[in-house]
Amino acid sequence: MGFFDHLQKGGAFSLQAKKPQIRKVVQTRAAPPSRSSSQTPSRSRTSSVAPPKKTQEPDSRSASGEREHISSKRRLGTPLRNRKRPTPEQRLSSDDDDDASDTDTSFEVRKRARTGDSPEPDLQRRVRSVKAFSEEGARSLPMVHAAEITSIQKAGKFKPAFENKSQPADIFLQYPSAASKERYQLVVPRDDDEFKPLDDIVQVVEIVSQAYIPEDDLDEFSNESTGIKRRLRRALALKSEAEFREGVSDYNNAIDRLRRSGSIAKKLDATHRLSLAHVERILNQIYSRTVSPRVESLRQYENGTDNVYGELLPRFISTIFKETGLKSGQVFVDLGSGVGNVVLQAALEIGCESWGCEMMQNACDLAELQQTEFKSRCRLWGIAPGKTHLVRGDFLKEQSIVDVLKRADVVLINNQAFTPQLNNELINHFLDMKEGCQIVSLKSFVPVGHKIQSRNLNSPINLLKVKQRNYWSNSVSWTDVGGTYFIATKDSSRLKAFAESMS
């Protein structure tokens, strides 16, 4: 099951789409600025690989579908959830292809309003993959089919979904592109934390109807009485295999017809951003097919060092993209990228050039698997992501990372568990970053109350203008409580003004 799976709660068929939840923020006083060490969680926490918590007040967590990010030899990193998530100086790979009110006043448990999930539309972004809708795209992709999870990797953990079946039966699902169908098995997990293939099918149909179907054709999918989505849910409620197969067959035929008519391509061409639910569905599919079956390997880290594994979750990452104004024509870098979740999310959600660097070998191996599946899944969904580059090694020494930092627009550094020595070493790299580059971190690189003075005139932190932001519960994998993060913008104007005043 994927770490971002907030749609698969509680039983085999928890298939109702999650309704928007508006959570009121109640604050009796402003949260005081935090010193860099004040929000540090216990480094021995292993919640990033523990089963996900159910969505409850006040410690709820939410992320869409079966999704699944960050770790680092240099950091306690990014998203994952109920998934189970050094070889220096070596490039890993490079992708050159195309509700209710919450009245608790404690800062740590305040909930954020769940509106405006994704950044504003980027009119320069081309969402549709032309190749995915061409004859060349009409072929089988080198991907992990859902049936491989249930029939090979986790044999014995699933049972037939419908009555009077002694053996699992296959079913095929068409995606919006010209690529061949994905193979599923009609099974349900014996353990609720395992992958739920029938939920995945229903959620694919839900996302496709939201993002790919022209308004004139929506009734066939969304009619409350006769729509395909309603029929699939009713078939599951009645445990009718015949009705479920009929619904999937009608969906496949409708998608094939709309693709051939050009309606789906036209809809995508008018789209300039992907919703967070859409992004999470794709990422979660990737994670559940690559990382989840091997997540135990991520437990092998060293407590009390920079090699601690943890993740920033997708909704939090999407907020960071929005706060920094990241656009498709820009460059994103994740220092300590773990299994590559955030790197892939940036390339998919924003469409930008996206880089990551990681030292932990197990995490790098899983990142490589994710990147391979990412390329196929994007083609399957008909999406053109930004270029992704994952590098093995020490991000302070790896030359390709040193070079890309000089042109980066947004740099993410999950330095929550970094040692003071590593944080200090990082500061020197800020000198080479371009003006306006934004550095997002969980600990501030600039001490509270820092002022430019004659005695510290040569300090690199004088180049940073910092703003503090709050993140809410269920934003990171190692704790359910909220905290603070920092966005430091390289701005040399204050230092120049001070130097001029001294002359």
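I noted that the contact (heavy atoms within 4.5 Å) is made by Asn341, Leu344, Ala347 and Leu348 of α9 and by Gln370, Gln371, Phe374 and Cys378 of α10.

I kept in mind that this is a predicted model, in which local features need pLDDT of at least 70 and side-chain atom pairs count only at pLDDT 80 or more, while totals for chains, interfaces and linings use all residues. Residues are numbered from 1 along each chain as its sequence is written, and side-chain values use heavy atoms, with hydrogens and water left out.

Next I looked up glutamine 371, which is found in helix α10 (residues 361–381); helices are DSSP runs of H or I with at least four residues, and strands are runs of E with at least two, numbered from the N terminus. Glutamine 371 counts as buried because its relative accessibility is 4%, buried being under 20% relative accessible area with a 1.4 Å probe, protein chains only.

Last I turned to serine 177, placed in the loop between β3 (170–173) and β4 (182–185), and found it buried, with a relative accessible area of 0%. The side chain of serine 177 reaches the backbone oxygen of leucine 380 at 2.7 Å and the backbone nitrogen of alanine 179 at 3.3 Å.

Technical notes: Buried means under 20% relative accessible area, exposed over 50%, partly exposed in between (1.4 Å probe, protein chains only). A polar contact is a pair of N or O atoms within 3.5 Å; within protein, one must be able to donate a hydrogen and the other to accept it, and residues adjacent in sequence count only if both atoms are side-chain atoms.
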